[in-house]
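Subject: Structure handover and notes

Dear colleague,

I am passing on the structure we talked about, together with my notes on it. Please read the notes with the model open beside you.

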Amino acid sequence: MKITDTADVWWKTAVVYCLDVETYLDWDGDGCGDLAGLAQRIDHLAALGVTCLWLMPFYPTAERDDGYDITDFYGVDPRLGTHGDLVEVIRTANDRGIRVIADLVVNHTSVHHPWFQRARQSRDDPFHDFYVWRDDEPPDTSDQVVFPDQEDSVWTFNEPTGEWYLHRFYKEQPDLDVTNPRVRDEVAKIMGFWLQLGLSGFRVDAVPFFLETEGGADSEGFPDPHEYLRALRAYVGRRTGSGVLLGEVNLPHEQQREFFGGDDGDELTMLFDFVGMQAMYLSLARGDAGPLATALTSRPDVDPDSQWATFVRNHDELTLDKLTDEEREEVFAAFGPEERMQVYGRGLRRRLPPMLDGDPRRVRMVYSLLFSLPGTPVLFYGEEIGMGEDLSAEGRLAVRTPMQWTSGPNGGFSTADPDRLPGPVVDGGFAPEFVNVADQRRDEDSMLSFVTLLVRRYRESPELGWGAFRVLDQPHPEVLAHLSAWDDGTVVAVHNLGPEPRVVPLTLEGCDPSHRLEDLLVTQTTPVGEGGTVELTLDGYGYRWLRVVAEGSRRLL
């Protein structure tokens with residue numbers, strides 16, 4: 001199979017970059033990031049090697065949940081710009097070979113959305129059935145709330161109609177009723193509108209909550225939510241040909257497989273591997289690759305066109321809910337020992353570099369690991385330069401600080417007074433004085449240069465997105481050695497999660513002295529012995545990517 005045969009399945013080897021327009025770059029000087037500023041930084045993303053830009057919500061919002069409480073699904077928040085500005089971002093990105101996707105947040109609306117403003121006034125209003133209601137007083141649901149420090153129930157009383165409405169998140173975010181065919185039609189119209197403006201798909205927010213039918217007015221007439229998800233996937237395919245649905249489904253692997261569409265692979269195109277991410281942090285905390293290896297090898301088989309999305313960090317808290325209580329405490333002790341570093345007792349509100357005490361060896365090892373794992377890597381803005389967090393910010397806003405472009409005032413994010421920014425710029429050891437794009441662009445040894453190299457090598461190694469994956473036997477518990485093979489190519493990656501150097505013996509099936517291993521991150525050749533035996537040296541927190549090269553191979557190194 002040639003690489004050209006897989007070009008229409010672009011997400012298998014994409015590099016996804018997530019950002020919040022509000023905190024990326026302020027171009028008009030009002031203190032708020034905007035689409036015009038983002039358009040000026042598309043070339044930064046292109047130089048990094050990004051192939052898919054994921055925009056967090058840019059819709060009009062009541063600002064209760066950092067943009068996820070939407071008041072108009074068809075609008076652009078005027079603080080960020082206009083529809084024309086968004087089209088310019090998409091056009092500029094497409095011109096650089098970057099597709100653009102956006103958050104699809106259709107589990108709920110804001111209480112200020114016109115639909116809910118009408119729905120809450122009368123049971124007879126046509127929009128009343130857009131939401132989920134109950135007449136009887138609800139039982140205690142404090143164990144079901146997503147934000148336990150803010151809410152004590154998933155139901156809130158609505159005085160005008162004498163009912164309670166459902167909200168899995170804040171009470172200012174009433175849940176839509178997916179069993180209502182009018183709601184389903186409206187979701188399709190929303191998607192169609194943004195696809196027509198040039199988006200290449202969506203990151204779908206809170207998918208299991210969105211498909212929940214309990215309490216819906218027509219749950220009996222809507223027996224299979226997954227059939228609806230298949231219809232949405234088909235709809236995106238018809239409208240775009242190669243559009244994606246990247247789903248937020250934080251469930252165990254086997255349940256995630258259902259949201260891919262099982263063997264058919266006809267529902268969500270990609271899913272975030274929350275299980276693998278959490279296991280990675282447990283492995284880092286222990287200095288033992290075992291938990292991560294177990295999580296990776298326990299991934300269920302999925303359709304070849306489906307894909308797992310791998311990540312180190314995202315815009316929410318770094319959830320650890322799939323670990324046991326004891327495992328979670330291990331990660332807290334290693335990376336978030338202070339209560340202010342934790343959130344809801346289930347996760348961390350930190351970025352990776354401060355968690356690793358700024359040790360560049362460990363930080364680079366983790367990102368090397370991310371890009372070498374089977375799947376599609378997803379970066380959160382600022383990761384490419386090693387940004388830190390602001391623990392003085394509320395909750396998840398700790399990692400949603402302004403992007404650091406220069407060492408100047410406000411980190412080059414804005415010329416406005418600091419009190420007009422969406423939040424304070426990070427200070428201390430990770431302040432713009434020490435961490436910024438401009439300085440790192442001129443430094444061949446910078447984090448930015450390193451991540452750019454990883455992106456390039458990942459894009460040159462289709463085995464990592466397409467290949468069959470397996471963990472290789474070797475004697476060191478702190479070392480993860482794995483192999484990805486696809487077509488006639490094989491890439492071996494070896495990572496040392498511990499501080500001590502290691503010599504790693506491996507046996508590569510099907511190899512002999514006519515083969516050799518060529519390092520992809522440095523210039524180095526390793527011979528292969530009889531029976532495919534090799535020995536690889538690793539520094540403490542060391543990492544190596546190696547391509548198996550046969551005599552006469554035409555692959556570029």
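Predicted model: local features only at pLDDT ≥ 70, side-chain atom pairs only at ≥ 80, totals over all residues.

Residues are numbered from 1 along each chain as its sequence is written, and side-chain values use heavy atoms, with hydrogens and water left out.

Record and domains

In an unreviewed entry, UniProt lists residues 22-420 as "domain: Glycosyl hydrolase family 13 catalytic"; such positions are given here in the numbering used for the model, feature names are shortened, and annotations may be inferred rather than shown by experiment. Over residues 22-420 the chain is 31% helix and 12% strand, with its end C-alpha atoms 12 Å apart, where helices (H or I, at least four residues) and strands (E, at least two) are DSSP runs numbered from the N terminus. Separately, the chain is divided into domain 1 (114-166) and domain 2 (468-550), with bounds that come from an automatic or database domain assignment. The C-alpha centres of domain 1 and domain 2 lie 56 Å apart.

The barrel

Eight strands form a closed barrel that runs β1-β2-β3-β7-β8-β9-β10-β14 with parallel pairing, two strands being paired if DSSP finds at least two bridges between them. Neighbouring strands of this sheet are turned by 25° against each other on average, direction ignored; axes are lines fitted to C-alpha atoms, for helices over the stretch in contact, and angles run from 0 to 180 degrees between N-to-C directions. Strand β2 (residues 52-55) is joined to strand β3 (residues 99-104) by four bridges, and Leu-55 has Ala-102 in β3 as its bridge partner.

Helix α5 (residues 181-196) lies across β3, β7 (201-204) and β8 (244-247), running at about 135° to β7.

The open sheet

Six strands in the order β15-β16-β17-β22-β19-β20 make an open sheet with antiparallel pairing. Its edge strands are β15 (468-471) and β20 (525-527), each of which pairs on one side only, and the twist averages 25° from one strand to the next. Helix α13 (residues 360-372) packs on this sheet, touching β16 (479-486), β17 (489-496) and β22, and its direction makes about 40° with that of β22; contact means heavy atoms within 4.5 Å.

Seven of the eight residues of β16 are buried, so this strand is largely enclosed by the rest of the structure. Four bridges join β15 to β16, with Phe-469 opposite Ser-484, and eight bridges pair β16 with β17, where Ala-485 stands opposite Thr-490. In the hairpin of β16 and β17, which has two residues between the strands, Asp-487 takes a positive phi near 55°.

Nonpolar cores

The largest nonpolar core has 145 residues, of which Tyr-17, Leu-19, Leu-38, Leu-53, Leu-55, Tyr-281 and Phe-371 touch the most other members; such a core is a set of buried Ala, Val, Leu, Ile, Met, Phe, Trp, Tyr and Cys residues joined through side-chain atoms within 4.5 Å. Helix α15 (residues 447-459) gives the most to this core, with eight residues, and at least three residues come from each of domain 1 and domain 2. A second, separate core of 17 residues includes Leu-472, Val-479, Leu-508 and Leu-517.

A loop residue

Val-426, in the loop between β14 (376-380) and α14 (437-441), counts as buried at 3% relative accessibility. Leaving aside neighbours within four places in sequence, Val-426 is in contact with Gly-388, Glu-389, Asp-390, Thr-401, Gln-404, Ala-431 and Pro-432. The C-alpha atoms of Val-426 and Asp-390 are separated by 5.4 Å, although these residues are 36 apart along the chain.

With best wishes

How values were computed
Buried < 20%, exposed > 50% of the residue type's maximum accessible area, 1.4 Å probe, protein only.
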